[in-house]
Amino acid sequence: MADEKQRSLRLLSASPFPLPHGLRFSYGTAGFRSDGAILSSTVFRAGIVAALRALKRGSAIGVMITASHNPVADNGVKIADPDGGMMTQTWEPFADALANAPDPQTLLQLVLEFAKDENIPLGGAQSAEILLGRDTRPSGEFLLEAAKQGITAIIGAATIDMGIVTTPQLHWMVRSRNNGLKASESDYFAQLADSFRCLMDLVPNEVEKKGVDTKLIVDGANGVGGAKLEVLKEMLMGVEIHTRNSGKDGEGILNEKCGADYVQKEKVVPCGFGSDDVGVRCTSLDGDADRLVYFHVLSASNDRIDLVDGDKILSLFAIFIKEQLKILNDEKDDGLKKELPARLGIVQTAYANGASTDYLKQMGLEVVSTPTGVKYLHKKASEYDVGIYFEANRHGTILFSENFISLLESRNNELASTSSGSEHHKAAQRLLAVSQLINQAVGDALSGLLLVEAILQSMGWSFKKWSELYHDLPSRQLKVKVADRSAIITANAETQVVKPSGLQEAIDMETAKYTRGRCFVRPSGTEDVVRVYAEGTTQEAADSLAKSVAEHVTRLLGGWEQAHRKKERSTSKILTSTRKTLCGSMNKMEMLLI
């Protein structure tokens, strides 16, 4: 009876959410994304996936309705696993299949088969809890309802609506709830404020006396992050935050000429900034506040900026943590000879500027590379005692292993009883505060900017000193349309081409022509495009290298236009042949009639 009730409920729930005709949806790093107006069926089905995932894991799962830095008309949905991270890749094929099921009957069959294969209990014998959140997009409200309908189509699954939140807040809430901790928005704000206050209290006296500029202007991208920062900043001391593009009262359009993505790609000031901001430290969030960049307005006469991207944010974090570990493990005057073993790892992708990688290695840090995508970076960073990752495109965080935190807490307690207030004790306190301030579930622009501000204060650094850690090598990115992107196969974190034969040799030949030249290609994950990235000591060299390699890609893979023309010729031949056959048949019929 329970199975029949479950079957009927699913079919009844799916009927109001038909699949849009002629469209196909794919679950990627960002989940499902599309025009918000056509996404209700996809979000409904993602709700089913989340409910099944919660039943499978016996833990709370998160569903976030957002399209991050995309235009306001777009929207999307992604699922957070019990640890607050992204949904496991092994479930992505099922999510794709469910999202593209043509009718309720097929959808039901897919659910039943998958539940059987995964040993997921259906029928209500086990309960499931799904936390829901959305950003400020107009389409978010009705899409959230679609998600609720999908979740409750699975008997035993219940929703908890967390309201309008940033993406990192929802991930933090899922992680905290599953760790048995308080998980409300006020708890999130309190944790950030308390850990920030701890770091500010530990600023060295000699640095505090010199004074560092505490003013920070934040571009909120007219999204959810600006509004949340308005609440958070009232709980902070030691930093003077001014928020612009907060999206209040319909002011400004989400991500339009503002936000981290716009500032990083265009390298110009966002709307709402101008000549009065020259020399002031500024930062931009993206629409759902999981990305962050810093910048300086350079002059009153133009809109150019001095940009600090994810590579330099990562470098700042790495310098600070390395220094605290060094203090903690230096020759001790506290009578305790035990060292705190800690493997510190820096994780980048091939898109990290070569100058940043060189700088980090010169500091003696362990630097590794992964394929493009946060899921790869996060997984690799989790292998270290302290793993730091940031994509050049502004998304990243710091991960502390449970074992390291346990050892650090023990060490802190020892120092508190034997040498309270010593430099060793302060270093332990700073590391513990960082582990509380940074969002270990996912990249978080709010916690990230507070950590940046605390470190700059602690080290007594100006924006200029930070910006001049190293100078980026000029780079160029190109997209080459090809007939079939799957013809390219890469290895070594996407830096080497395995197939087609001869392409890597051509890349090596072109790269060798330039001092400090570097170039790699990789297929797009969503379209028949090959992405080319090149670096050189001058912009002219980077442009020339990228152009030469792009030409080799077209030569060896066949350009899209060439393939398109070939297809048109083939279609034309078929039509011509069909016409001749029809004409011949008509002539024969005419002869018979005569």
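Gly62 stands opposite Ala80 in strand 3. Strands here are DSSP runs of E with at least two residues, helices are runs of H or I with at least four residues, and both are numbered from the N terminus. The model is predicted: local features need pLDDT of at least 70, side-chain atom pairs count only at pLDDT 80 or more, and totals for chains, interfaces and linings use all residues. Residues are numbered from 1 along each chain as its sequence is written, and side-chain values use heavy atoms, with hydrogens and water left out.

Strand 2 (residues 61–65) pairs with strand 3 in the antiparallel sense, over 4 bridges. Two strands count as paired if DSSP finds at least two bridges between them. Strand 1 (residues 32–35) also pairs with strand 3, antiparallel and over 4 bridges. Here Phe32 has Val77 of strand 3 as its bridge partner.

Buried means under 20% relative accessible area, exposed over 50%, and partly exposed in between (1.4 Å probe, protein chains only). Both faces of strand 3 are covered. On one side lie Asp74, Gly76, Lys78 and Ala80; on the other lie Asn75, Val77 and Ile79.

A further sheet is open and holds 5 strands in the order 7-6-8-9-10, with mixed pairing. Strand 7 (240–244) and strand 10 (305–308) stand at its edges. Each has a single partner strand, so one side of each is left without a neighbour in the sheet. Neighbouring strands of this sheet are turned by 30 degrees against each other on average, direction ignored. Axes are lines fitted to C-alpha atoms, for helices over the stretch in contact; angles run from 0 to 180 degrees between N-to-C directions.

Strand 8 (residues 282–285) and strand 9 (residues 292–297) are antiparallel partners over 4 bridges. Cys282 stands opposite Phe295 in strand 9. Helix 9 (residues 224–232) packs on the sheet and touches strand 6 (215–219), strand 7 and strand 8. Contact means heavy atoms within 4.5 Å. The direction of helix 9 makes about 145 degrees with that of strand 7.

The disulfide count comes to 0, a disulfide being a pair of cysteine sulfur atoms within 2.5 Å. The sulfur of Cys271 has its closest cysteine sulfur in Cys258, 4.4 Å away, too far for a bond. Cys282 is in no disulfide; its nearest cysteine sulfur, that of Cys271, is 13 Å away. Cys282 is buried, at 0% relative accessible area, whereas Cys271 is partly exposed, at 32% relative accessibility.
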